[in-house]
Amino acid sequence: MMFSNDKAIYVQMADRLCDDILAGTYRDDDRIPSVREYAVMLEVNTNTAVKAYELLARDEIIYNKRGLGYFVSAGARDKILSQRRREFREVTWPEVLRQMKLLGLTWEDME
């Protein structure tokens, strides 16, 4: 995975797992890769993967079954969609409109 400089690596890792959930790779109550497996897969330090999983667990996207690993929480997909839509409306879309205005672009230019 190629990481960008605009977000912490562990946040980007969490975002990728959320992308996988949205894409249907993981569904409610599916087991996700262990912290170590995910760290190896993305070639990052295990501590970074731990932080990503802690973030997702805190947001109730995943949960831990002691001795068995991490699993997707029930309703995680809907929660992610809600968060992502809100972020798009409140952050991304206003920036797109601002850039269009600055560049003098119209809706016809976007087609």
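**Entry 1: a pair within one helix.** I started with arginine 98 and glutamate 95, which sit 3 residues apart in helix H4 and so are separated by about one helical turn. Their side chains form a salt bridge, with the closest N and O atoms 3.0 Å apart. I count a salt bridge when a side-chain nitrogen of Lys or Arg is within 4 Å of a carboxyl oxygen of Asp or Glu. Helices (H or I, at least four residues) and strands (E, at least two) are DSSP runs, numbered from the N terminus.

**A note on the model.** This is a predicted model, where local features need pLDDT of at least 70 and side-chain atom pairs count only at pLDDT 80 or more, while totals for chains, interfaces and linings use all residues. Residues are numbered from 1 along each chain as its sequence is written, and side-chain values use heavy atoms, with hydrogens and water left out.

**Entry 2: other salt bridges.** I searched the whole structure and found 5 salt bridges. One of them joins arginine 84 to aspartate 19 at 2.6 Å, N to O. That pair links distant parts of the chain, helix H4 and helix H1, 65 residues apart. I also noted arginine 31 with glutamate 37, at 3.8 Å, N to O.

Entry 3: Aspartate 20 lies in helix H1, residues 9-23. Leaving aside neighbours within four places in sequence, aspartate 20 contacts Thr25 and Tyr26 (heavy atoms within 4.5 Å).

**Entry 4: a surface patch.** I then turned to a nonpolar surface patch of about 860 Å², whose members include Phe88, Trp93 and Trp107. Patch residues have over 30% relative accessible area and no salt bridge; like charges are joined within 9 Å, and nonpolar side chains (Val, Leu, Ile, Met, Phe, Trp, Tyr) within 5 Å. Areas come from the Shrake-Rupley method with a 1.4 Å probe, and for residues only the protein chains shown count as cover. H4 gives the largest share, 6 residues. Tryptophan 107 lies in helix H5 and is partly exposed, at 49% relative accessible area.

Conventions: Buried < 20%, exposed > 50% of the residue type's maximum accessible area, 1.4 Å probe, protein only.
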